[in-house]
Amino acid sequence: MSLIRRSNVFDPFSLDLWDPFQGFPFGSGNGSSSLFPSFASTNSETAAFAGARIDWKETPEAHVFNVDVPGLKKEEVKVEVEDGNVLQISGERNKEQEEKTDKWHRVERSSGKFLRRFRLPENAKTEQIKASMENGVLTVTVPKEKVKKPEVKSVQITG
């Protein structure tokens, strides 16, 4: 199953693309010329890692993203803000170098690139985003602007 099929089409903050023709012979995911545009495609080598698992929670002070990136160094991961309100988290795990003398019995760890994008709400302070990595988990904290409570002023009724 590819990254495209894991997206949640009902999530208003998700920018993941869903390709309804993925896997069909005439679809955009097989690389052949098609009447349909090629939005994105993944091969089996990158499909498992392409969907880096992310938790997004909102606290009273911030939006917090926790990303599972086991085995990656902070230099192999990028956190960017596009168009002022789109948080983009990307990275790449390289394949282990194969030696001609090595005999592989099983290869289950995935390799390849991943890219996740999230549309941030209007109250996000994108200029104050902080990111840290510990024990294979990237934590991105996006502070929120304080919501000003409307000032209520009583008006005396005469008459």
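Two strands pair if DSSP finds at least two bridges between them. Keep that rule in mind for the first stop on this tour. The model is a predicted one.

Start with the hairpin. β6 and β7 form it, with two residues between them. Asn-135 sits in the turn and has a positive phi of about 50°. The two strands pair in the antiparallel sense, over five bridges. You can follow the pairing residue by residue. Glu-134 stands opposite Val-137 in β7. Ser-132 stands opposite Thr-139, again in β7.

Now step back to the sheet. Which strands make it up, and in what order? The order is β1-β2-β7-β6. This is an open sheet of four strands, and the pairing is antiparallel. Its edge strands are β1 (54-58) and β6 (130-134). Each of these pairs on one side only. Neighbouring strands of the sheet are turned by 15° against each other on average, direction ignored. In a regular strand the side chains alternate between the two faces of the sheet.

Look next at Trp-56. This residue is found in strand β1. Is Trp-56 buried, exposed or partly exposed? Its relative accessibility is 27%, so Trp-56 counts as partly exposed. The limits explain the label: buried means under 20%, exposed means over 50%, and partly exposed lies in between. The side chain of Trp-56 also makes a polar contact with the side chain of His-63, at 3.2 Å. Sequence distance and spatial distance can be set side by side here. Trp-56 and Thr-139 are 83 residues apart in sequence, and their C-alpha atoms are 9.9 Å apart in space.

Trp-56 leads on to the aromatic rings. A pair of aromatic rings is described by the distance of the centres and the angle of the planes. The structure holds three aromatic pairs. One of them joins Trp-56 and Phe-118. Their ring centres are 5.7 Å apart. Why is this pair called edge-to-face? The planes stand at 75°, and planes over 60 degrees apart count as edge-to-face. Trp-56 lies in strand β1 and Phe-118 in strand β5 (residues 112-119), so the pair ties together parts that are 62 residues apart in sequence. Phe-118 has a relative accessibility of 6% and therefore counts as buried.

Phe-118 has another ring partner, Phe-65. The centres of these two rings are 5.3 Å apart, and their planes are at 45°, so this pair is tilted. It links distant parts of the chain: Phe-65 is in strand β2 (residues 62-68), Phe-118 is in strand β5, and they are 53 residues apart. Phe-65 counts as buried because its relative accessibility is 0%.

At 14% relative accessibility, Arg-116 counts as buried. A polar atom of its side chain lies 2.9 Å from the backbone oxygen of Ala-52.

The last stop is Lys-144. This residue is found in the segment after β7 (137-143). Is Lys-144 buried or exposed? It counts as buried, because its relative accessibility is 13%. What does its side chain reach? The side chain of Lys-144 makes a polar contact with the side chain of Glu-58, at 2.7 Å. The backbone oxygen of Thr-59 is reached too, at 3.0 Å. Leaving aside residues up to four places away in sequence, Lys-144 touches Glu-58, Thr-59, Pro-60, Glu-61, Ala-62, His-63, Asn-123 and Lys-125.

One of those neighbours deserves a look of its own. Pro-60 lies in the loop between β1 and β2. Pro-60 counts as exposed, because its relative accessibility is 69%, whereas Lys-144 counts as buried. Pro-60 and Glu-145 are 85 residues apart along the chain, and 9.8 Å separates their C-alpha atoms.

Note on methods
Residues numbered from 1 in each chain as written. Predicted model: local features only at pLDDT ≥ 70, side-chain atom pairs only at ≥ 80, totals over all residues. Heavy atoms only, no water. Buried < 20%, exposed > 50% of the residue type's maximum accessible area, 1.4 Å probe, protein only. Polar contact = N/O pair within 3.5 Å; in protein donor to acceptor, adjacent residues only side chain to side chain. Contact = heavy atoms within 4.5 Å. Axes fitted to C-alpha atoms, helices over the stretch in contact; angles between N-to-C directions. Phe/Tyr/Trp six-rings, centres within 6.5 Å; stacked < 30°, edge-to-face > 60°.
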